[in-house]
Amino acid sequence: MKAISYLKTCLIPLIIIMGYISCEDDLDRFPTNELTNEKQFSTVDGYKQAMVSAYIQFAGANNFFYRDFFELQEVTTDEIVNTWNDHQETTLSWSSEHDQSTDVYQSGLYLITLCNNFIIESEPSLVASRGLTKVEQEEVEFFKSEVRFIRAYAYWMMMDLFGNPTFATEETLKNNEIPGQILSVDLFKYIESELKEIEPLMIDARANEYGRADKAAVWSLLARLYLNAETYTNSQKYTEAIAYSKKVVDAGYSLEQNHQWLMLGDNNQNTNEFIYTFNYDNEKVRTWGGTNTYSLGAAGVPASINGMSSSWNLYRVTPSIPALFPTNDPSIDKRAVFWTENDESSRTLEIESLSNSLNGYSITKYRNINRDGSPIQQENTFNNLSDIDFPVFRLAEMYLIYAEAVLRGGSGGDLSTALSHVNKIRGRAYDNNPNSAVGNITSSELDLDFILDERARELMWEGFRRTDLIRYNRFTTSDYLWAWKGGVKDGTAVDEKFRLFPIPITDLLANPNLKQNPRY
Amino acid sequence: MIYSERKNKNFLKDRIVLFVIANVLSIILLNAQSTRVQGIVTDNKTSEPLPGISIVLKGTTQGTISGFDGTFVIDSEIGSLLVFSYLGYKTKEIKVTSSTLKVTMNKSAESLDEIVLIGYGSTKKKDLTGSVTRVTEKDFQQGFVTNAEQLIANKIPGVQITPISGRPGAGSSFLIRGGASLGASNNPLFVIDGNPIGLADGPGILSALNPEDIASFSVLKDAAAAAIYGSRGSNGVILITTKKGRSDELKVFLSTKTSISQNFLTQSVLTGDQFRNVAQSAESVSGTSILNNLGAENTDWQDEIFQNAFTTETSFGISGGIKNLPYRLSLGYLDQDGTLKTGNFKRTTATLNVNPTLFEGHLKINLNLKGILQDQRIANNDAIYTATSFDPTQPVLDENSPFGGYWQYTDFADNPAVLRHYNPVGMLEQVQDRKKNLRSIGNLQLDYKFHFLPDLSVNLNTGYDIAESSWTYFAPADYFPANISNGGNSSGDPGSKTENVFLEATLNYTHEIKSIKSKVDALAGYSYNDFKTTNYFYPSFDVDGNLQAGSEPNFDFDIPQNTLISYFGRLIYTFDEKYILTGSIRTDGSSRFSENNRWGVFPSVSGAWKISEEPFLENSETISNLKLRLGYGVTGQQEGIGNYGYIPIYNLGEAYIQYPIGNGFVQGVYPTATDRNRKWEQSTTFNIGLDWGLFDNRISGSFEVYLKETEDLLNNVSIPSGTDFANNITKNIGSLENRGFEIKIDAAPIQSKNFTWNLGLNYGYNENEVTSLSEDNDSSVGLFSGRILVNTVGFQRNTFYLYKQVYDANGNPIEDQMADFNQDGTINEEDRYRSESAVPRHNIGFNTSFNYKKLTLNMAFHSNLGHYIFFKPNDNLASIYDGIFRGNVNTDYFDTQFTQSGNANQEFSDHYLQNASFLKMDNFSLNYNLGNIINSKNHSDLNLSASVQNVFILTAFDGGDPESPYNYGSNFGGNYTAPRTFSLGVNFNF
């Protein structure tokens, strides 16, 4: 009796305990709404979604990646002074602790890591094992090539800004390695080989969906890369620059009729000229890292003109920029879209104070309206989101690359074609007609200085200026001065080290493989 | 009279029940040859019956426990000795002379027989081997306490309790012995009446309790004590018991308190006149026009946002027994206004405790139920910082303003999101942000002592912590920041649901072997804890009920969940009542780690030697208590690291970004950063403690020295770009050592009939050192927390890493000029140096009370020394001219005269590092006990009290409250600081 009740009283709790032991399965918890990679990549749509995610990061549609890149390229030059920042960029005086370049570095490598991950997941044998059909597998192959293109572009940005950045690949990610540092000259080779490898694997020029890269995008990046090869590698590649810009030109693109149509809310029509674009939509894409920044940023421009809300009073141009044009208004060169506010005589051409948003003209290049001047309804609660797509590559740049590369002695092109390319740009600028002779120049006027100025006129506020000035060796030297360069109003030369941005301190500290750029 | 009648009636009933039970039991259980002794135990002073007295037949293991009315029945023999013992009473031995016994017991002067809770059990204070500090009602902070943790703030050495905000209901942060972790949680585990609360909530639970309900706190500080809680014990364990009812007496208490609170710390910023003056300099520095944008007012924005805040609290409780069913029921209602305008917190609590004992003490049942309704209107904290920076020349109200009459930067009316700087009074008065939370905590404990083997008992403890919250948010269409979105009117009901459950089962075996003077307590247990919350997501609407674009959530809800399963055991061996050895082991499995790293093992060993009971001290007049304790233990940590960090997963991107591709739109999906190898953070603690008492414990105290080594520290660290999908990840990064000692002294220098004086002093010293970092590199700077704190091997954790400011001949800082430490001609990060640590080294608490007849005066102080804060106010003219609004500056500008924006290095200057050591007078209270006002004997008392909290702060720090929380060591002066409170209270018990 005793033993039995003893056993009983002991057993009951024991049974309860045993019951709970089986609950050790409860230690396998999984989040409610998230997916494993196996789930995410079980369909072609899942692959596409992951690829588009890379495009989203690339376009700054949910970050400041491209906006920061844009500002590093422009605010460091004569094209923009920024009212509301600390002017380190304008005065070329940043230290090794520099927020904006740090952000580009980190978000750039984030984008690269995202691409590396996609490349791992789109390994053909892996894709096949996930039960995708043959046709779907081929589609994933295109996705993979496009992602490799995005990665190559991101690495080009890193090379241009930082020279010798962290070098992360699908291999370092797969092996869980801390990536090393790559020298500019080696990174150049890597980008070149990547682009050449994917060139045949991409969808044909002008055959892909709007907003996705194609063969022409690959050629365009190669052309830009070769044009600047000397900056990155100390050796010239102008012949290659001619070859690849020519490939783009020959792919059937043509200039749009009106330069002022280029950066409007309905510029997704500009498919004749645009090679690859970042896409924005005021209802669907909520970001402050896109073209709305360039539109709202222009100082003083009212809502009635920019098509959004009143200006953020960020960006003005130094007096060097209006000086490139015949007049301060579009009466002759239609690209001279300066916002002068002369009616109130409150805005000045000269910049006495970097912090005074009324010092310096701004421009009305980016406007969120339609070609016909009709407004675009803001379908959001902010009134300042944009529909203006951003052309990462457009034909005019390829024309100018061709011309410059010919002038710099590259072979495979000729001066008359170069002149004709430039005059198409001039004809459109002066007469809204690429074939017009108005504004055309003669072959004797076509020299490297002219090209640099023409690039400033044509590609103003499109993120090129710093790279151009470095290529012409005018960025840090006394060969060319502009207002507030080096922190003085008349401009002064600065240390050559400013051709590159510093490797961010956080990365230097976190990654033992990195060395700082010289003299930071 | 009513009372005693009831008592008699109950007494009779009890007798009958007991008689029956006793008879039945004695037939079953006991040797029929013995004599049945019946009796009653009472207090010798009050003559109240004493329940729960342990009565043991000396030399045997036979015994019983007195009933609710003090009666007991035990079988013994005439002439044998019965040992009566009870917490707080002197143990008494009585010779059995007849079959009825009347025993009176004396309260012991010393507290060594106090029962102290340890994990999964309790022990007498004198038998403790680990570092456990107990604070009971009599030592609680006096005055009006709205949050339970304030009862014990600064009472325990090595335990820092700091209000996280002056916001009503905000609660406090806890840091025990400097904290074991860098990046994981430093919250201790809270166990309330045996119900372990999820650490994620942590101290939040305390603001949900009615302080009136709390009976005691036990704080387990060292690993020897806390290791029984394994992975949850790294930062110590705080065991809280609430008051229980006793069936022998009907008690009613009623208390009401009221207080008024004032914000007493503000930032010293420019007045309107000063601002207009300084703006002239800003104009000339910047070349921009500022003066013509200024107003003519002298608005003190900080004054405008704060108010005198009233608080009232009423508690009512009743305890007693219904047919031997002891119960306690209490209700509390708190209505507290914030000193920040419009903030309000209402808390209604109901607590029920039922703890019957059945089968002659063999089955103890303890049921605890708590219900809490919190209803608050949240005042936007951002208003505080905004008030320190808002243009003082502008008025609060502007009759021409279309924005509810509040002055605003109307140029930004069409894109206020860019401005992010709004009239702070409008932020408070125009927005209604409300949150309701209904919560219930309950557990049922069954403690069954086996009839056939009373040494063995089984304890089942199961309970829940469930909550449901809802929220509403309303901003009118003319609220400036929301004017372009037509205001906001959203709600979430339910907002979230929490369903935490646990089950614990333990087997306890206690056996005394007299022949070898040994006693063994063994425990084996199992514990299952599941923490589950469902968060619901809702779109936003404007005031007309239209959906706001882009606000649709990706998912309707999310259910974060984690589970912890544990097995544990403990053995306490006592030899000759002088030598005590305790060993415990626990293994925990956590769902937060991958299968390979899931289980952790946490052992501990500790011993105590009661030196004062050795023959050479036994009869000492001076030394009344001396005990040496040694302890070693391992605890773990898995809080503060997220639930699923080891699983590589993909998250859907924001719903408001649908990227246009071709003719369609695609939403993104992103992999998360993953540390597949994440494992337990483990702390090993060595503790030496000495408990002592002199002169019959008139002076007593303890001294402890400890060393705590934490390995595999979990910390959120910067990882090299390109290695994962984030810039930061939480991973095991290295190890940390905490060393320190603690002193506690309690003394009663004067104890006379009419006058007593008590004082208590505690002091804790802690220093720590980062001993290794797994990814240390050549630069040897270490790992950053934020931008100015660094963790370097060989240095204190979170050490300030700054430039050395250069000063001019007058001792004023020269703008952006830093010392070139390595003299290489450039100022770069290599010129930064390691300064003080952000973790204070010395914590001191002091409290004293004077009692003269019915009047008691209490005072409590605390002080931190070696306390450093990086306080960087706006001291630069750039705040005025360089930005889209004209921000006010701190009067520090008059010293710095800084004018430039974009000072790259000034942000990291040691000029801003201040020694913020302080002395605070936390509490000053007067109590007057009117005693028995209704004319029944001894059973009522009326207490009147008046108190002041946060009486003063002595400090050289000029950024406000040195204990305000700050991020990564930085403070910009926007904190909601704990107010000064004056209160009055009436407490009535009968």
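Guide: Let us start with sheets. Two strands pair if DSSP finds at least two bridges between them; strands (E, at least two residues) and helices (H or I, at least four) are DSSP runs, numbered from the N terminus. This is a predicted model, in which local features need pLDDT of at least 70 and side-chain atom pairs count only at pLDDT 80 or more, while totals for chains, interfaces and linings use all residues. Residues are numbered from 1 along each chain as its sequence is written, and chains are lettered from A and ligands numbered from 1 in the order in which they are written.

Visitor: In what order do the strands of the open sheet in chain B lie?

Guide: Strands of a sheet pair through backbone hydrogen bonds, either parallel or antiparallel. In chain B, five strands form an open sheet with mixed pairing, in the order β10-β15-β16-β13-β14. Its edges are β10 (132–136) and β14 (195–196) of chain B, each of which pairs on one side only. Within the sheet, β15 (residues 214–220) and β16 (residues 237–242) of chain B pair in the antiparallel sense over six bridges. In this pairing B:Ile214 stands opposite B:Thr242 of β16(B).

Visitor: How many helices and strands does chain A have?

Guide: Chain A has 19 helices and eight strands. Its C-alpha atoms fill a box of roughly 115 × 50 × 50 Å along the principal axes. Of the 520 residues in chain A, 57% are buried (20 or more other C-beta atoms within 10 Å of the residue's own, the C-beta atoms being placed from the backbone). Contacts (C-beta atoms, placed from the backbone, within 7 Å) can also be sorted by separation: in chain A, 67% of those between residues at least 6 apart in sequence join residues at least 24 apart.

Visitor: At what angle do the axes of α5(A) and α7(A) cross?

Guide: Axes are lines fitted to C-alpha atoms, for helices over the stretch in contact, and angles run from 0 to 180 degrees between N-to-C directions. The axes of α5 (residues 99–121) of chain A and α7(A) cross at roughly 155° and come within 9 Å. The two helices are therefore roughly antiparallel (over 145 degrees). The residues of this contact comprise 15 nonpolar, two polar and three charged (nonpolar: Ala, Val, Leu, Ile, Met, Phe, Trp, Tyr, Cys and Pro; charged: Asp, Glu, Lys and Arg; polar: the others, Gly among them).

Visitor: Why does A:Ile112 count as buried?

Guide: A:Ile112, which is found in α5 of chain A, counts as buried because it has 29 C-beta neighbours inside 10 Å. Beyond its neighbours within four places in sequence, A:Ile112 is in contact with A:Arg151, A:Ala154, A:Tyr155, A:Ala168 and B:Gly722. A:Ile112 and A:Ile150 are 38 residues apart in sequence, with their C-alpha atoms 8.0 Å apart in space.

Visitor: Which residues of α7(A) and α10(A) meet?

Guide: From α7(A) come A:Phe149, A:Ala152, A:Tyr153 and A:Trp156, and from α10(A) come A:Ala217, A:Val218, A:Leu221 and A:Leu225. Eight residues of this contact are nonpolar, with no polar and no charged ones. Helices α7 (residues 134–162) and α10 (residues 215–227) of chain A pack at about 20°, their axes 11 Å apart. They are therefore roughly parallel (under 35 degrees).

Visitor: How many residues of chain B are in contact with chain A?

Guide: In chain B, 79 residues are in contact with 85 residues of chain A.

Key:
Angles under 35 degrees count as roughly parallel, over 145 as roughly antiparallel, 65 to 115 as roughly perpendicular and the rest as oblique. Two residues are in contact if their C-beta atoms, placed from the backbone, lie within 7 Å. A residue is buried if 20 or more other C-beta atoms lie within 10 Å of its own, exposed if 12 or fewer, and partly exposed in between; C-beta atoms are placed from the backbone.
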